[in-house]
Amino acid sequence: MRILVTGGAGFIGSHLCERLVGEGHDVICLDNFFTGNKRNIEPLLDNHRFELIRHDIVEPILLEVDQIYNLACPASPIHYQYNPVKTVKTSVMGSINMLGLAKRVRARILQASTSEIYGDPKIHPQTEDYWGNVNPIGVRSCYDEGKRVAETLMMDYHRQNGVDVRIIRIFNTYGPRMAENDGRVVSNFVLQALKGEDITVYGKGKQTRSFCYVSDLVDGMIRMMNCPGFIGPVNLGNPAETTILEFAERIIALTGSKSKIVFKPLPADDPKQRQPNIDLAKTKLDWEPRVAVEDGLKQTIDYFASIINGNCCK
Ligand SMILES: NC(=O)c1ccc[n+]([C@@H]2O[C@H](COP(=O)([O-])OP(=O)(O)OC[C@H]3O[C@@H](n4cnc5c(N)ncnc54)[C@H](O)[C@@H]3O)[C@@H](O)[C@H]2O)c1
């Protein structure tokens, strides 16, 4: 098949491109390099099955493809709050452009949605039928509400135009090629630990997160894209929950770091709990995460260590 991956030069997108090329597909990676990096896809640039297009999905594009994975969107608060209007445009106008393309060339399209559409959830763990508790006017709304509208658009193009859609709600994912400067928990903690700097925990560190290794996520995405008759939305994440404080301590132990943990005030709208219920993914996709947190963290620590030592990248 010929497969388009928007945001393909980003963290998750680059792993997805690599996997799809490995499976023998022709892959077109489309990216505006806002948060993506050529380094992420460098190993693929010589592969005859791989094509790179520098393009912004806010502008329409016509390509002949069979499947579209729509990942283009800055994903970390630092990046999506940098230009919030652009973030909304990317989710809303970008999704309209990709859905228009899917409609025109009759491609199946998968939208990378997010656990953030649940906001600060009032039920725990979150199931797909929960509608969420989202602040529409806060600093995170450009991302949360943008992604919610993108889901709405997927369903409306599906009902109105018969577009073949898939919606996945990704929970916190980590692994090699996460951006170093995005302020996300895993990259922050690992870099701080490797450099022997203080590890910054917000609030008392009692807020919980669950972390899914990127290869597990990519496996779930491909299963969902190719699952007949099930459009989702479906949660993809690791239900193994940990407090941020426990997580910081685990990273200190794995890196053998002398870093100390310091506490800072909680940012606005920071969710207190975040844990997926993945029963639907288990039933419909026969999917659940397989990579143990320790193993995934070791790969991630090796990656960031190679960046710090200047001999990146794999
Ligand atoms: N990483 C996570 O834990 C997580 C969790 C939930 C959802 N997601 C979603 O998964 C997708 C990928 O996330 P990621 O962690 O790989 O982030 P990332 O920032 O590494 O990747 C996003 C990519 O999209 C590109 N991009 C941004 N705006 C664009 C535009 N207007 N046109 C073209 N390209 C554009 C960026 O340059 C980047 O390469 C995003 O849609 C994100 O919302 C990620």
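How many salt bridges does a search of the whole structure find? The points below take up that question together with the sheet, the cavity and some backbone details, and they concern a predicted model.

1. Salt bridges. The search of the whole structure finds 15 salt bridges. One of them is formed by E18 with R177, where the closest N and O atoms are 2.9 Å apart. Because E18 belongs to helix α1 (residues 11-22) whereas R177 sits in the loop between β7 (173-174) and α6 (185-195), this pair ties together parts that are 159 residues apart in sequence. As background, side chains of opposite charge can pair when their charged atoms come close.

2. The sheet. Seven strands make up an open sheet whose order is β3-β2-β1-β4-β5-β6-β11, and their pairing is parallel. The edges are taken by β3 (50-54) and β11 (234-236), each of which has a single partner strand, so one side of each is left without a neighbour in the sheet. On average, and with direction ignored, neighbouring strands of this sheet are turned by 20 degrees against each other.

3. The pairing of β2 with β3. Strand β2 (residues 26-31) runs parallel to β3, and five bridges join the two strands. For a reader who wants to find this part of the sheet in the model, L30 stands opposite I53 in β3.

4. Helices packed on the sheet. Helix α5 (residues 141-161) packs on the sheet and touches β5 (108-114) and β6 (165-170), with its direction making about 155 degrees with that of β5. Helix α7 (residues 214-225) also packs on the sheet, where it touches β4 (67-70), β5, β6 and β11, and the direction of α7 makes about 160 degrees with that of β6.

5. The cavity. A search of the whole structure finds one cavity of 30 Å³ or more, and the volume of the largest cavity is about 30 Å³. Its lining is made by N70, A72, C73, T90, S91, S95, Q111 and K147; by class, these comprise two nonpolar, five polar and one charged residues. Helix α4 (residues 84-105) gives the largest share of this lining, namely three residues.

6. Cis peptide bonds. Two proline positions deserve a look when the backbone is inspected. The peptide bond from H124 to P125 is cis, with omega near -10 degrees, and P125 lies in the loop between β5 and α5. The peptide bond from G232 to P233 is likewise cis, with omega near 5 degrees, and the loop that holds P233 is the one between α7 and β11.

7. A positive phi. F33, a residue other than glycine, has a positive phi value, near 60 degrees. In the chain, F33 is placed in the loop between β2 and α2 (38-41), and β2 is the strand that five bridges join to β3.

Technical notes
Residues are numbered from 1 along each chain as its sequence is written. This is a predicted model: local features need pLDDT of at least 70, side-chain atom pairs count only at pLDDT 80 or more; totals for chains, interfaces and linings use all residues. Side-chain values use heavy atoms; hydrogens and water are left out. On a 1 Å grid over the protein atoms alone, a cavity is a set of points where a 1.4 Å probe fits but cannot get out, and a pocket is an open set with protein on both sides within 12 Å along at least five of seven lines; lining residues have an atom within 4 Å of a point. Grid points are joined across faces, edges and corners, and a volume is the space filled by probe spheres set on the points. Helices (H or I, at least four residues) and strands (E, at least two) are DSSP runs, numbered from the N terminus. Ala, Val, Leu, Ile, Met, Phe, Trp, Tyr, Cys and Pro count as nonpolar, Asp, Glu, Lys and Arg as charged, and the others, Gly among them, as polar. Two strands pair if DSSP finds at least two bridges between them. Axes are lines fitted to C-alpha atoms, for helices over the stretch in contact, and angles run from 0 to 180 degrees between N-to-C directions. Contact means heavy atoms within 4.5 Å. A salt bridge is a side-chain nitrogen of Lys or Arg within 4 Å of a carboxyl oxygen of Asp or Glu.
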